[in-house]
Amino acid sequence: MKYHYQLAIFGLLCIFSFSLKAQSFQDVMERGKIRGNFQFESQYYQKDTDIGAEDVAEKILSNGYLNLNYTNGSFSAGVRYESYLNALLGYPTGYKGNGIMYRYASYDKDKLSLTVGNFYEQFGSGLILRTYEERGLGYDNALDGVRLKYNIYDGVRLTALTGKQRLFFDYGEGIVRGFDAEIYLNETFSAALKDSKARIIIGGSAVSKYQADESSRFVLPENVASFSGRASVTYGKFNVNGEYAYKYNDPSADNNFIYKNGEALLLQTSYSQKGFGLLFSAKRVDNMSFRSDRGEGQQNLLINYVPALTKQHTYNLLATLYPYATQLNGEVAFQGDLIYKFDKGSFLGGERGMDIQINYSTANNIDTTMLNDDNTKRQGYKSDFFSIGEVYYKDFNVQLSKRFSSKAKGDFSYANLVYNQDIIEGKPGNPKVYADVFIADVTYNLSMRNSLRGEAQVLLTEQDKGNWGTVLLEYTYAPHWFIAIQDQYNYGNEDKDKRTHYYNASVGYNNQGNRITLSYGRQKAGIFCVGGVCRVVPASSGLYLSVTSSF
Amino acid sequence: MKKQLILPLLFIVALSACDKVDDPFPEKKDISFSLDETTEYIVDADLNINDTTALKKLFTDHQWDTIAAPDNSTKRFIVVEEFTGHKCLNCPRGTWEIVRLDNIHQEQLIPVAIHAGTFAEPRPPKYSHDHRVGGDGGAGDTYLNTFGVTAYPSAMVSRTRQAELLSDAQWDQRINSIKNDIPKVKIDLKNYIVKDTNSSAANILRIQIDIEWLDNLTKEHQLQVFLTEDNIIDWQDSAGVDLEFYNHRHMLRKVVNGNFGLELEAAEIGKKASYQYITTVDNKWKAKDMESVVFIFEKSPSYEIIQGNAAHLR
């Protein structure tokens, strides 16, 4: 209950402190706006020995969230109430109970923005600082502290912050301090660059964490600093940007308490014009796990984020069977993307044109030579910047999108994967998975309000659990209703007893800002990833209800 | 202060918020025992001797050879700490000067060659051995930085005149200027080492130090214990020529009791104190060419060594 009292007092103080001047209380209140959203997920679990779904003692588990944001002129404040009674299976077990773990107040005045309480922030591409919420993963590393943003000159934006990171319903031990400067050169030097076609942005960041050294085994650095520099140049349809980050000795459970410095480099370049886009990305990450508690693991208390250079697949088999998890301890990755639209009337475009997207990504370990200095300097290893080690992941995929008629359209995909289970899932000794995936997704509009969509997917591999297939049929009665059935079938499993069907049926209702979904079925065990950040999901079976609403 | 300065200042603060750790391991604390009223026994933590019973057993389980250092009750023994390195092309010149002076002053001169700094870094394939105590950032580098060594060869003669670093041409004169000083303290030194060289305890060394103050002194003092090894044959750059079989002399091998030693009680004439350091000798070192070097020096900022002594191990 104490959170509710805190909220009420907090809100009143904010309103009276910042908004009341000569105007009446009523005037002030009329200017205020409240926005928010609500989400509730609940599942009734049943034991299902065929898929390894264990009995759940509570039978029903639920997650609930309510965001409330109040704005009044230059003042804003907000809270998020969270409820885990108890958390859905697969969520970190630290989420248990109810409470307000996100509340903030913010005020803007004369180019200075001030936030106290919780906030999310990202410096550059996130190589040394990114706090964010990804609810599907149970990921929330929000900072609780103070943040200042100041536009000191035209085009010069400074950010300074300090805070502690959220850890479920508590805070991590460490304190995070950070500073970022971003300069939009075309604004800062507007006279000199006003006719320039090039748009140039440069930036630099410093982030330091403090955690007391209470180890009897090692002398640990209590303050660990990291720095980064970045630049982005856009010239017409062409863009190139990059960021380099460096982190001083940060022994932690992630790197087996070695004292090697860390570094990361991210480069991206793109060219786009109507009907054509080309993107190439590269990164190298070496010992860049950066947490505000050196003893933590999983996704807890990460200060930084290393962007994934692999495609975020959405189709069932590609997204759930072999998704890639970014390896913060060491990774060299490349990705290329080509998007092209065949014009109507062209040989391949036909009467209605056709889109093609070709994507190739690869992630390898860095090439390391062990130093065997565990009992001396504990530098761990050395690595040649330009050498590449073992393959972690490869994904070549092509997607064709084609409208056949005014009523029918289809998306057709092929993907070829190489997946290192040993590293990505932490399953030593398991062979790499080589898989081919074929997907057809066809939608047919029966009428203005009625449409039918079907998916057929197959994944072919000789490793792991063998071949899989998925079929899905979805009927939509616009704009409110949909109903779908799906079956994922592990038909190629060498063990015939494990050739399991993962069936699922769902029905949903949408009405403006409200959406209600009810489904029944099975979910296979595996890993679930968003942006290269993953969590392990156990097998489950039962009835699932989801309600979302925004206002 | 202008408000524009506030955030850049925060940036500077963030830049400085970093601890660089060169040695990941906490310094092991030697364990101290009192078996009798006169001697404090200080045992290397690596020996895992945790009680007096185990300590007594160590003494009684083995036969011990003993070698005593010369009497220095009437002479001030002089410690010459020379900074050197195997890639220092002028350093052989320093070694030859030390050898010459050692021949003149005999037991009164105690040379210690400290390999430290850039010239002492391993450089394979020839100069692959690391002769620095504690390696990079170890005791040798600590002394190098503390005393501000900028040129090689250079040496401190009993750290006189606030640990003044002298070139090889100056050592002779400085030694002569202090060799007739009346000693302020006497150091009796005796090494005990297991007689049986095939024993598993053959690498255990007991260094018995008995001091007696010969004057009343107002300054505070530290007791320092080193191990040195003589006649190490290895590569040396000599005036640009790589010498494979160069004889490295009096090399500092181990700092037994911390980089700046043990704090002593106030110096009062006639007052005595006894310590026995029990430590280990690396099996790769030649015990017959080794010495324990003990000296007493004034605390910072003087660092002056007022008395020293040395004794062979075997």
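Where in chain B does Pro153(B) lie? Pro153(B) is found in the loop between H4 and E6 of chain B, and in this predicted model the peptide bond that joins Tyr152(B) to Pro153(B) is cis, with omega at about -10°.

The table gives values for each chain.

| Item | Chain A | Chain B |
|---|---|---|
| Helices and strands | six helices, 29 strands | six helices, 17 strands |
| Span of the C-alpha trace along the principal axes | about 65 × 65 × 65 Å | about 70 × 50 × 45 Å |
| Buried residues | 31% of 551 residues | 39% of 314 residues |
| Share of contacts (residues at least 6 apart in sequence) that join residues at least 24 apart | 56% | 70% |

For chain A, a compact globule of 551 residues would have a radius of gyration near 24 Å, and the value of 26 Å for the chain agrees with this. For chain B, with 314 residues, the corresponding expectation is near 20 Å, and the chain's 21 Å agrees as well.

Confidence in chain A averages a pLDDT of 91, and 95% of its residues score at least 70.

**Contact and cores**

Where the chains meet, the contact takes 23 residues from chain A and 15 residues from chain B. On the side of chain B that touches chain A, eleven residues are nonpolar, one is polar and three are charged.

The largest nonpolar core has 70 residues, and Val80(B), Val112(B) and Ile296(B) are those with the most contacts inside it. A second, separate core of 34 residues includes residues of both chains, among them Ile128(A), Val176(A), Val207(A) and Cys18(B). Leaving aside residues up to four places away in sequence, Ile296(B) touches Val185(B), Ile187(B), Ile211(B), His221(B), Leu223(B), Leu264(B), Ile305(B), Ile306(B) and Gln307(B).

**Helix H4 of chain B**

The loop that holds Pro153(B) lies between H4 and E6, and helix H4 itself covers residues 139-147 of chain B, where Ala139(B), Gly140(B), Asp141(B), Tyr143(B), Leu144(B) and Phe147(B) are buried. The elements that cover these buried residues include strands E4 (78-84), E5 (109-115), E6 (154-157) and E13 (251-255), together with helix H5 (160-163), of chain B. Gly148(B), which follows H4(B), has a positive phi, near 70°.

Strand E11 of chain A (residues 175-184) has seven of its ten residues buried, so it is largely enclosed by the rest of the structure. Strand E9 (residues 156-167) of chain A runs antiparallel to E11(A) and is joined to it by eight bridges, with Thr159(A) standing opposite Asp180(A) in E11(A). E11(A) and E12(A) also run antiparallel and are joined by ten bridges, and here Glu182(A) stands opposite Gly203(A) in E12(A).

Gly203(A) has its place in strand E12, which covers residues 198-210 of chain A. Because 19 C-beta neighbours lie inside 10 Å of it, Gly203(A) counts as partly exposed. Beyond residues up to four places away in sequence, Gly203(A) touches Gly124(A), Asp180(A), Ala181(A), Glu182(A), Ile183(A) and Arg230(A). The C-alpha atoms of Gly203(A) and Leu158(A), which are 45 residues apart along the chain, are separated by 9.6 Å.

**Other backbone features**

Most residues other than glycine have a negative phi, and most peptide bonds are trans. In chain A, the peptide bond from Ala478(A) to Pro479(A) is cis, with omega near 0°, and Pro479(A) lies in the loop between strand E23 (468-477) and strand E24 (481-489).

Which phi does Asn287(A) have? The value is near 60°, positive in a residue other than glycine, and Asn287(A) has its place in the loop between strand E16 (276-286) and helix H5 (316-320) of chain A. Gln106(B) likewise has a positive phi, near 55°, and is placed in the loop between helix H3 (91-105) and E5 of chain B. Asn287(A) is buried, with 26 other C-beta atoms within 10 Å, whereas Gln106(B) is exposed, with 8 other C-beta atoms within 10 Å.

Definitions and conventions: Residues are numbered from 1 along each chain as its sequence is written. Chains are lettered from A and ligands numbered from 1 in the order in which they are written. This is a predicted model: local features need pLDDT of at least 70, side-chain atom pairs count only at pLDDT 80 or more; totals for chains, interfaces and linings use all residues. Helices (H or I, at least four residues) and strands (E, at least two) are DSSP runs, numbered from the N terminus. The radius of gyration is taken over C-alpha atoms; the globule rule is 2.2 Å times the number of residues to the power 0.38. A residue is buried if 20 or more other C-beta atoms lie within 10 Å of its own, exposed if 12 or fewer, and partly exposed in between; C-beta atoms are placed from the backbone. Two residues are in contact if their C-beta atoms, placed from the backbone, lie within 7 Å. A nonpolar core is a set of buried Ala, Val, Leu, Ile, Met, Phe, Trp, Tyr and Cys residues joined through C-beta atoms within 7 Å. Ala, Val, Leu, Ile, Met, Phe, Trp, Tyr, Cys and Pro count as nonpolar, Asp, Glu, Lys and Arg as charged, and the others, Gly among them, as polar. pLDDT is the predictor's confidence in each residue, from 0 to 100. Two strands pair if DSSP finds at least two bridges between them.
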